Amino acid sequence: MGENTNIEKVNSFERQKNREEMKRQFILFASMIIFTILAFLLVAWDMDRTYVIPIIIVLAVIQVAFQFFYFMHMKDKGHEFVSILIYGGAWIAFVMAICFTTIIWW
Amino acid sequence: MSLASAQKKGFGAILWDYLTTVDHKKIGVMYIAAGAFFFILGGIESLVIRVQLMVPENDFVSAGLYNEMITMHGTTMIFFAAMPILLGFMNVAVPLQIGARDVAFPFLNALGFWLFLFGGILLNLSWIFGAPDAGWTAYPPLSTQSPGHGTDFYVMALQLSGAGTLMGGINFIVTIVTMRAPGMTYMRMPLFSWTTFVTSILILFAFPAFTVALFLLMFDRMFDSAFFDIALGGNAVIWQHLFWIFAHPEVYILILPAFGIFSEIFSVFSKKRLFGYTSMVFATFLIAFLGFMVWAHHMFTVGLGSVANAIFAVGTMAIAVPTGIKIFNWLATMWGGSIRISTAMLWALAFIPSFTIGGMTGVMLGAATADYQYHDTYFVVAHFHYVLVGGVVFGIMAGLHYWWPLMFRRVLNETLGKLAFWLFFIGFHLTFFIQHFLGLMGMPRRYWVFLEDQGLDLGNLVSTIGAFFMAAGAIVFVINIIYTAVKGEKAPQDPWNGRTLEWAVPSPTPFYNFKQLPLVRGLDPLWIEKMEGNGKLTAAEPLNDIHMPNGSIIPFVMTVGFFIASLGFIYQYEYPIAYLALYGGMAIGIGGMIVRSLKDDHGYYVRKEELEGEVE
Amino acid sequence: ACGKENLTSLDPKGYGAESSFNIMMLSLIIMIGVFLVVIVIYTLALIRFRQKKGQENYIPKQVEGNHKLEVLWTSIPILLVLILAIPTVISVFDLADETDASSSINIDVTGNQYWWNFDYTGEEIQTSQDLYIPVGEKVYLHVKSSDVVHSFWVPTISGKIDANPENTNTMYIEAYEEGVYWGKCAELCGPSHSLMDFKVIAVSPEKYEQWVADMQNADPEEVPAEAVAQEGKELFESKSCIACHAIGSSPNAVGPNLTNYANRTTVAGIKDVTKENLVEWLLDPESIKPGNLMTGNYPELTEDEANSIAEYLLQLDHSEVTPQSIGEW
Amino acid sequence: MSHDYSLNPEKLHEDPAKVTHEGKNKFIGLWVFLGGETVLFASLFATYLALKNSTAGGPSSQEIFGLELVFIMTMLLLTSSLTSVYAIYHMKNHNFRKMQLWFGITAFLGLGFLACEIYEFAHYITDYGFTFRSSAFGSAFYTLVGFHGGHVIVGMSWLIALMVRNAKRGLNLYNAPKYNTFALYWHFIDVVWVFIFTVVYLMGMVS
Ligand code: HEA
Ligand code: HEA
Ligand code: CUA
Ligand SMILES: [Cu+2]
């Protein structure tokens, strides 16, 4: 088989499409970095925890959504079943987090 | 490899064949055989329990041994008898039912089986060194304080077999998503395939919680962490939550496949299409979904607070609705049909009243205020045996009679079958019905002895007698197996006038299942073809080479490695030498993984020419 | 045939047990109804639609389903579940209502492997195995465990509540009638889980007052009248019994408080109070309660020593209010 | 007869990871597995949430956590997620050498992350005496973060094995799905880390 060196020959339309996709991914990545920095800054500024905690959690959820939908292509077609699974997992995670912060004593 | 391999082989060759097989049909049979073995073990343990409780203040076994007995009985029955037998059925039937040549991950499938088997062996090794004694629920601090290594065996055994089960679950999900035959849409899948699918999803979401729980317990016991150590801020209720987040779905993991089996049987033996197919599928999903939302009904008396108790009580009762849909759909399937009472059907028929009683006592337990009385009494024991035996075991027995011809080319003897049924059925109700009253009359469960003059004597005696009827039934069934193997008649390819694809393949089923993938034209594809006078399925593809996976010894070797490593873990904090086993075993296990991933294994082809030569 | 009186949950004599019983009966009626419906359809189907001889080739109509029927058997169960759920939720909240706790009697209940300790908050009274409460009053129990999880259950009076090691649960009980009620431990806690019985002794409020006064006046130093018992008292102190067992008030004892031992309903929670049983316990507790925490932790006793100690313990009757005067158990 | 797994450069639009049946199975299989992993980590997170204040007199989160290191770790891991996207991009263009290069960078970043984590743990243990056995909080912290770290180690080994194994053979339809599933797994590890730095570190720092 050997290494595939025929890249020049490849379909330029596809290459274009892939490149666009990549550009979008990069923008997304930049926004994730911004979210992260924002979250760290919020904590570094030592603001009131009643605001900070919800905000950083929302930031985290958005970042994770980006990862799933774009980096992991959950938005693309062919991922319907996969999305249901992940939503299921996320729902269980949510229920567990609620329960373990409310009906366990400390 | 050639098709001529059906010739006589030596014992060594056969053994090697089974050790290396990745054929789902063989794996299925191995699951069932191993599960049956553990069922007998669990059954003998239950007989010891019942003998101990035959008369008040008995001392047939000691208190410590009694606790080991119930723990091993519960653990063995749930994890090493009921689950594997059901997984066996899935392996045997599902790929055929959906018209697939194989499962998605044959290698993983084999690995899953071996992990289960060695998990079971590990658990039972503990009989030699001191068995676990904190109940199958293993609540800490009792389980963290439990002396000896029993609980360590429990942890490692369940960790091993849990990993195996998870692999099985993933395998079936992917198989059903990607490998259905042309035309086999989701809404044309037989109900057993559906319940397998939903069960696998439950496995996928439930077992990881148990994995974590077991890790926490393992760390606390073996590495001095403090999850459940109250002095260091630990919290033992975390275990209870994690355990039930797993174990409640687990009971539906057990019952849903049984529901699937019954759906097949009611339809075939009533000669009628399953009534309300769509709502059956929907109800299955609903049960699975709700099943994850109700775990705290096992914890009503823990003191979670009235809001939690109220929410979980209502959620629990809600499960009655989808389950009721199923019961009534089965009744409606029989209604207007032409009912043949074979042994398989007999078990299915017995299931309806038995399970309904068990389900209804479940709803009664779900009423939190009443559960303050029922909890941890024999009322609960009665409830769960009604669903576990009256639901799951009856389902297994029904499935065994139904698919025996598919697996072994023999029909089980009907006379012996019916005898076994009646013995078991009568014994079952004798044993467990009266336990409801024992509970209400003040007998808590997990009681090594009950005292004299507490009005509990008669009930317990009756219960014990019933257990022996069950044992007699089980023995007759074993005799039936032997009798059928020796004297039984050869089964035709489609002995029950079946409706689904597993009855459309030649008998014995070729290892590639379908020479040509069938074209599915609707629900109950075989029935459709029969009604249109074809009697056999149209092929969806021209005859072609068939790609099959190679067998491999690696799953077995890896499992042995992890098994040795588990022993190393168990003894590591006493005998430093056990580290040798720990690291050595890990090296074998991981080595197997590395070999597997570095060595390309492209499988092999069954050539078109060979297939043409095959006679039907 | 409802089981033993004062043990069964089917003959409730307390508030909690009655609440549970009502829900049980409501649910039972619903279930019997449901079961009858299922069984009737089932039987009819079996009778009418069994394959008859000569019908082997008959092909029934292949019905897909029936919308109306399916709606019917979805909605009726929903309705039934609601009928059960509403009273359940109400009673759950009712039983957890703790508003009058501060004006009621409060008792700290501690589960230990394999005995129960009852500490009357503020009264400087400790008892074990026997819990005295006044009839007709709410008594708040603050339940916890000193080791593993136990569960406090007196079926005839109230449902159970777990004794957890990391947290205190509160539950109230109220007995309607005087009587001696059996209590049981309902959470697996080790080998002697099944032997961790106790009693709730419900007495009239007047008798309760008197009992409290008697207990508070009990003098732990009181020297017994008889010589054997005196010897027993000395042995009790010299054989290190006193290290674990208090006579008189002592909140943090390792073993059961023995102040009014002669008035006990049982020895070790399960045996009749007789000298033979007590001596048997003192000589070999393991044979009575496997895995108990007294075994092996005290110097070995001769039969005579055990006898003396038993004499001593069996004359510790500090109150006129005795279980024997209340009823049978 | 053996399977033909070679790539057809003319058919670039076909994602090499999903052409074959086995490839498709692997892809769905890994996603399914991730569904299970979600619950695994949910359980660990829930346990951590329940125990995060149970310090039993030992060090608390406010006393020991430092933002700088966690920030660096976060950046390393997030960037490695992007580099693996680049690698897959090159895979789709059938450019094996660039794909290997970007996966190499991914591995490098991952190792950097691991080094930081090991340093972090060592720092807690030696400077604060904060161990797995200190308190329930300690157990929960090391277990949660350690499980994630374990996943990073597994991911690294997987990636390095893939790269070494296939260095000489180039891209084909047999190994493309393997790279692809690895990339998915790697993103998931990143997802978990996003919650760890938020829930464990950031929430543990706010007073
Ligand atoms: C296969 C196993 C299985 C199944 C299917 C079930 C099914 C159910 N179980 Fe059961 N259960 C167990 C196995 C199972 N259970 C085990 C093993 C334990 C004990 C674990 C331990 O502690 O060791 C347990 C314990 C248990 C408890 C805890 C008791 C306690 O410890 O205090 C509760 C409480 O709510 C409960 C409830 C239910 C309910 C509501 C259902 C429902 O799913 C039942 C639904 C079915 C029906 C209701 C019947 C059919 C319906 C109709 C005919 C429609 C009309 C009906 C009505 C309107 C009521 N179960
Ligand atoms: C699928 C699960 C399952 C099954 C099938 C069973 C089956 C049986 N179970 Fe049990 N049981 C549990 C799951 C199950 N159980 C669980 C989870 C618990 C809780 C454990 C705990 O508290 O932690 C429990 C607890 C439990 C108790 C309560 C113990 C206690 O609380 O103190 C009792 C008591 O009667 C009991 C009895 C029985 C009996 C008589 C059977 C019978 O149906 C068994 C019938 C089978 C046989 C009798 C085997 C026959 C075979 C032979 C005799 C072999 C012959 C050999 C040859 C011919 C070679 N079980
Ligand atoms: Cu205490 Cu059981
Ligand atoms: Cu449950």
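**View 1. His73(B) reaching ligand 2.** In this close-up, a polar side-chain atom of His73(B) sits 2.8 Å from a nitrogen atom of ligand 2. Keep in mind that what you're looking at is a predicted model. The helices that put two or more residues into the shell around ligand 2 are α2 (24-52), α3 (63-97), α14 (378-408), α15 (414-440) and α16 (457-487), which belong to chain B.

**View 2. Oxygen atoms of ligand 2.** Here a polar backbone atom of Trp136(B) is 2.8 Å from an oxygen atom of ligand 2. For Gln435(B), it's a polar side-chain atom that lies 3.3 Å from an oxygen atom of the ligand.

**View 3. The shell around ligand 2.** Zoom out a bit and you get 32 residues around the ligand, with Tyr66(B), His73(B), Trp136(B), His385(B) and Arg446(B) coming nearest. Sorted by class, the shell holds 22 nonpolar, seven polar and three charged residues.

**View 4. The copper ion (ligand 4) and its histidines.** Three residues coordinate the copper at 1.8 to 2.1 Å: His248(B) through ND1, plus His297(B) and His298(B), each through NE2. Along the chain, these donors are spaced as H-x48-H-H. His248(B) comes from helix α8 (residues 237-269) of chain B, while His297(B) sits in the loop between α9 (277-291) and α10 (306-318), so this pair, 49 residues apart, links distant parts of the chain. With a cut-off of under 20% relative accessible area for buried, His248(B) counts as buried because its relative accessibility is 3%. His297(B) is buried too, at 15%.

**View 5. Copper and iron.** The copper ion (ligand 4) and the iron atom of ligand 1 are separated by 4.5 Å.

Technical notes. Residues numbered from 1 in each chain as written. Chains lettered and ligands numbered in written order. Predicted model: local features only at pLDDT ≥ 70, side-chain atom pairs only at ≥ 80, totals over all residues. Heavy atoms only, no water. Donors = N, O, S within 2.8 Å, 3.2 Å for Na, K, Ca; no water. Helix = DSSP H or I, 4+ residues; strand = E, 2+ residues; numbered from the N terminus. Buried < 20%, exposed > 50% of the residue type's maximum accessible area, 1.4 Å probe, protein only. Near = heavy atom within 4 Å. Polar contact = N/O pair within 3.5 Å; in protein donor to acceptor, adjacent residues only side chain to side chain. Nonpolar A, V, L, I, M, F, W, Y, C, P; charged D, E, K, R; others polar.
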